[in-house]
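Open the structure in your viewer and keep the selection panel at hand. Each stop below says what to select and what is found there.

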Amino acid sequence: MSATPNIKLPVYLDYQATTPMDPRALELMLPFFTETYGNPHSRSHSFGWEAEEAVEKARAQVASLIGAVPKEIVFTSGATESNNLALKGVSRFYKDRRDEIVTVVTEHKCVLDACRHLEQEEGMKVTYLPVETNGLLDLDKLRAAVNERTAIVSVMAVNNEIGVIQPMVEIGKICRENGAFFHTDAAQAAGKIELDVNAMNIDLMSISGHKLYGPKGIGALYVRRKPRVRLQAMINGGGQERGMRSGTLSPALCVGFGAACALCEAEMGKDNEHIRRLADRLHTGLTERLDDVVLNGDQDQRFPGNLNLSFSFVEGESLMMGMRDVAVSSGSACTSASLEPSYVLRALGVEEEMAHTSIRMGIGRMTTESEIDYVIETIVEHVNKLRAMSPLWEMAQDGIDLKSVEWSEH
Amino acid sequence: MAYSEKLIEHFENPRNIGSMDKASSDVGTGLVGAPACGDVMKLQIKVNDEGIIEDAKFKTFGCGSAIASSSLVTEWVKGKTLDEAGEIKNTEIAQHLALPPVKIHCSVLAEDAIKAAISDYRTKAEEAGSGGDRELVSEQAAE
């Protein structure tokens, strides 16, 4: 392999799992651990007031990113908590009048698991909508599923595995027409694509701090005030966050999260231009030099910083294990304890054998061109090496249709 | 997942990758697993007149553990008689490579691949024997 100047190994290409913190946001956080350590809920002295002021500024920064007003932002520990609070909070409050939930099979595990809980333990009826082969929702199927008993519709904005963007405006319209609340898990979308809660008729939105260059351990739930969305709290206590989420806030985390949101809002155009250029370079660099590489998910309706590719005839875990200096994620079963390939790829109708060959590459603000060039070289080298030892590649080159072979399933 | 040094070494420097002529009468081929399950192993053995495995080759589609398991068994079967090779147990493979519990099936597949290759070779030898072309075989051997 050629020399690799100017890059630090391993290369991080897993921005959907988490992002590094933007140092500018980190710097603003630090004083809140040491000097400005007041409890933001203390009303009787300046320590509390200072902390409160910082928290409220952060709340306004989060709100501004999504076109909301600050009072509509509830700080939580992250998107998993926000998703749970939205689904359980709304269901428990409204279930006498509306006892149905509509969601999608490709949602994040925490949404699906919260829905499963509400279905099995709390008597909600849940509809899990399928997706098309491009990963997008069929709006007619959504229309058919939403009715006057639907309390909440939960559809994620950008998918964490394949990066496709669901038609938010249209979904919001269908929800509003039926009087159902529209919740979106925007953990992968906030700060990456334009989101406007009013233009999209979004009633609840989950956001995560550490997916947008902020700190881990904090997130937010947007809860619409007009028309008002009511929630039953999951955590009871001092009544912080307008009673929806008790517990003392961490001003440091709020400040870092708020600053990260403000940076995303200010630099979204620049970020996206950078990400799109590098993603195109990576995708083109790989497909020009390797045959049988398939992009999973819609070609156009996608966030470019998520490139999910199947390298036919090469099992994903072996590819990741080969390129030890590149941190990516795989839809292959062999990386998980369950030994089942990605349920998201399966929902798109991707065949199991192709799901086993998928690799997700995440590109972000800190990714550099030299890193992308290094990754292209590394992947090409290892895919070729693994194909040379793949009996499936050999059979395919000999013109054998792999579907005609009688395999010994085990 | 944390893998043992032996496993990583076999994965990074796999032994005996390749293919032999499937149609040849002294070659036995085992193809086990399925693409949908994420692993397919092809193991081939070349058997000499004394019934000793003198060469072995593999090709594997699968995770690192599957590749390492196949590489290891190609080393182990060489120089063994068919009966000896048939006695290799998946537990020995798993133990040697320190496979984590979720990867035990890779060693099972490797054991299956050896058995399938031996069985393919024996089937071919029997067919050659009962097919009445033994003379041809010995003639060729005499050349």
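Select Glu81(A), which is buried because its relative accessible area is 11%, under the 20% cut-off for that class. The model is a predicted one. Glu81(A) sits in helix α4 of chain A. Now show what surrounds Glu81(A): leaving out residues up to four places away in sequence, Glu81(A) touches Thr76(A), Met234(A), Ile235(A) and Arg245(A).

The side chains of Glu81(A) and Arg245(A) are joined by a polar contact of 2.7 Å. The two also form a salt bridge, with 2.7 Å between the closest N and O atoms. Arg245(A) lies in the loop between β8 (219-223) and α8 (251-289) of chain A, while Glu81(A) is in helix α4 (residues 79-94), so the pair ties together parts that are 164 residues apart in sequence. Are these two residues buried or exposed? Both Arg245(A) and Glu81(A) are buried.

Next, select Arg360(A) and Asp14(A). They form a salt bridge whose closest N and O atoms are 3.0 Å apart. This pair links distant parts of the chain: Arg360(A) is in strand β13 (residues 358-362) of chain A and Asp14(A) is in the loop between β1 (11-12) and α1 (23-29), 346 residues apart. Arg360(A) and Asp14(A) are both buried.

How many salt bridges does the structure hold over all chains? The count is 33.

Now colour by chain and go to the boundary between chain A and chain B. Select Glu394(A) and Lys42(B), whose side chains meet in a salt bridge of 2.6 Å, N to O. Glu394(A) lies in helix α13 of chain A and Lys42(B) in strand β2 (residues 39-47) of chain B, so the pair joins two chains. Glu394(A) and Lys42(B) are both buried.

Return to the boundary and select Glu12(B) with Arg324(A). Their salt bridge has its closest N and O atoms 3.0 Å apart.

Show the whole interface. Here 28 residues of chain A are in contact with 31 residues of chain B. Four salt bridges are found across the interface of chain A and chain B, and 13 residue pairs between these chains are in polar contact. The size of an interface is often given as the accessible area lost when the parts come together. Chain A and chain B bury about 2,600 Å² between them, 66% of it on carbon and sulfur atoms.

Which kinds of element does chain B have, and how many? There are six helices and three strands in chain B, and from the N terminus on they run α-β-β-β-α-α-α-α-α. Of the 143 residues in chain B, 48% are buried. Switch to a surface view: chain B exposes about 6,500 Å², with 49% supplied by carbon and sulfur atoms.

Definitions and conventions:
Residues are numbered from 1 along each chain as its sequence is written. Chains are lettered from A and ligands numbered from 1 in the order in which they are written. This is a predicted model: local features need pLDDT of at least 70, side-chain atom pairs count only at pLDDT 80 or more; totals for chains, interfaces and linings use all residues. Side-chain values use heavy atoms; hydrogens and water are left out. Contact means heavy atoms within 4.5 Å. Buried area is the accessible area (1.4 Å probe) that two parts lose on being put together, summed over both. A polar contact is a pair of N or O atoms within 3.5 Å; within protein, one must be able to donate a hydrogen and the other to accept it, and residues adjacent in sequence count only if both atoms are side-chain atoms. Helices (H or I, at least four residues) and strands (E, at least two) are DSSP runs, numbered from the N terminus. Buried means under 20% relative accessible area, exposed over 50%, partly exposed in between (1.4 Å probe, protein chains only). Accessible areas come from the Shrake-Rupley method with a 1.4 Å probe; for residues, only the protein chains shown count as cover.
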